[in-house]
Amino acid sequence: MKLSQFTPTPSFFFLILAATISVAGATVDNDAAVMSSLLKAISPAPTGWSHSTNYCSKWRGVCCSSTGRVTAINLPNLSLTETLPSNLASLSQLTSLNLKGNCFSGQLPSFANHSVIQEIFLDHNKFVSLPVACFQGLTDLRVLTMDNNLNLPQWDFPIELIESPNLVNLSMVSCNLNCLIPEKFFLSSFPNLQNLFLSSNFLNGVLPQTLPKSKIQKICLCQNSFTGPIPNLSKLENLFDLQLKTTNSRASSVSLKNNLLQGPLPQFNSHVKKVDILGTISYCRDIPGPCDWQVMVLLEVAKDLGYPSLLADSWRGNDVCKGWNYVKCDSQEKKVEVVNFHKRHFSGKISAAFGKLTELRNLWLNDNNLIGSIPYELTLLPHLLLLNVSYNNLSGKIPKFNNSMVKLITIGNPLLLGNYNDGTSSNATAPVYTGGGGRNIKPIKVGTGFGIGIKSELGVESGFGFGCKVRIRARSRIQIQV
């Protein structure tokens, strides 16, 4: 029979109605089961909570729709304990959950793919673990607060929140957040984000450069381990305020204290009256303005390494020749001659910015976790004598160096094209220097840095170290054992 020939009968409509009632009844029954589990799990039972009473009309803090579905649970500051039931998020019509100021422990239930929930308040509890991607797919989430959950192990910033475009307030103070804040977090995916509080965690790396593109009003990122420069915030129409901000006025103070932020101190809008940088001493200057050009070049180098905190701890001030570890300058013109990152466990890539250090003579990058290729810019350095990139994860073609005096060490990078097992190269005009396998050729430790001085048969000398020169004459390849 064709569909066009079908004529509905009264019994057909009855079956449809019965099926609809059955589905609705099943969802109400599910809510009842979840609320029963919640009653059994928590202690003490809130006012009116009993198996003999209706949770929609008698239970404190529970709100329901006209169809008997649970839409809100509000139980703040009641000193409730125990572990929440794992099926709590199966309350599929729940839009608001407020459990802050209690003592809930155990694992937090997963809220993944709960498409209607808008508010989750979990502050000041004692949760000890989180399910993987527990905030994934919360497409209508507006507010999420988890402050002061100090029993959680360190956990990565929940990148899955980029699936919550309606997010307005996010507060995760003192809950052991680790890792980076993703760049995507401040893109146009969050047109409504106004308040972001992430202080007193273990966040690290670079502040997202997309931060100035957001419409954020209040932000608190203090007491973390950020490195690198601060994004240019001068064009933010709704400038963030770390401490307090009145609802009817613009931000008047900014606190960036106790971080490892580097580079120039940013220039804020004129309505900012107070800038607190207490404990943040890695800026090149204590007033806004440009850094010395060599400072900026080395910060470019640090950027390509992910701004490691090891560098931020010592790279302070506006003179790279004064107290900057792993860097050596000449004694006369104050130009960088040596950069030594030997065995620093750095990751990232070799920065093309090294090519701006025109007096650079020795560059030690060996025994790290560097990826990518050897930048072409290094081949143009007129005074480069030694480049050691051995034992990394480099790839691509070894470039040809203009200076035939460069000693190039590439062993331990099997993906480098033209790099043979013995460390020699098929396409570099500079001689490739194996010297006992690369790892046996090490800088001599001097003070806070490392260095060697080499004078070859041709009389080319490099002062590698802090006032220390080692002269070696040999007709064969130089080999230094340490």
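Reply:
**A span from the record and its surroundings**

Over residues 296–330 the chain is 37% helix and 9% strand, with the end C-alpha atoms 18 Å apart. Helices (H or I, at least four residues) and strands (E, at least two) are DSSP runs numbered from the N terminus. The model is predicted: local features need pLDDT of at least 70 and side-chain atom pairs count only at pLDDT 80 or more, while totals for chains, interfaces and linings use all residues. Residues are numbered from 1 along each chain as its sequence is written, and side-chain values use heavy atoms, leaving out hydrogens and water.

The span comes from UniProt, where an unreviewed entry lists residues 30–65 and 296–330 for "domain: Leucine-rich repeat-containing N-terminal plant-type". Such annotations may be inferred rather than shown by experiment. Residues 30–65 are 33% helix and 8% strand, and their end C-alpha atoms lie 15 Å apart.

Next come the rings. There are six aromatic pairs in the structure. Rings of Phe, Tyr and Trp (its six-membered ring) pair if their centres lie within 6.5 Å; planes under 30 degrees apart count as stacked, over 60 as edge-to-face and the rest as tilted. Trp315 and Trp324 are stacked, at 5.0 Å centre to centre and 20° between the planes. Tyr326 and Phe341 pair edge-to-face, because their ring centres are 6.5 Å apart and their planes stand at 65°. This pair links distant parts of the chain, 15 residues apart: Tyr326 is in the loop between α3 (309–312) and β16 (327–329), and Phe341 in the loop between β17 (336–340) and β18 (347–349). Tyr326 and Phe341 are buried too. Ring pairs join Trp315, Trp324, Tyr326, Phe341 and Phe346 into a cluster.

Now the cores. A nonpolar core is a set of buried Ala, Val, Leu, Ile, Met, Phe, Trp, Tyr and Cys residues joined through side-chain atoms within 4.5 Å. The largest has 57 residues, and Met35, Ile73, Phe135 and Met172 have the most contacts inside it. α1 (10–41) and β2 (70–74) each supply at least two of its residues, and α1 gives the most, with four. A second, separate core of 41 residues includes Tyr326, together with Leu298, Leu299 and Leu360.

Four strands form an open, parallel sheet in the order β18-β20-β22-β24; two strands pair if DSSP finds at least two bridges between them. β18 and β24 (415–417) stand at the edges with a single partner strand each, so one side of each has no neighbour in the sheet. From one strand to the next the twist averages 25°. Two bridges join β20 (residues 369–372) to β22 (residues 393–397), and Gly372 has Leu394 as its bridge partner in β22. β22 pairs with β24 over three bridges, with Lys397 opposite Leu417 in β24.

Note on methods
Buried means under 20% relative accessible area, exposed over 50%, partly exposed in between (1.4 Å probe, protein chains only). Axes are lines fitted to C-alpha atoms, for helices over the stretch in contact, and angles run from 0 to 180 degrees between N-to-C directions.
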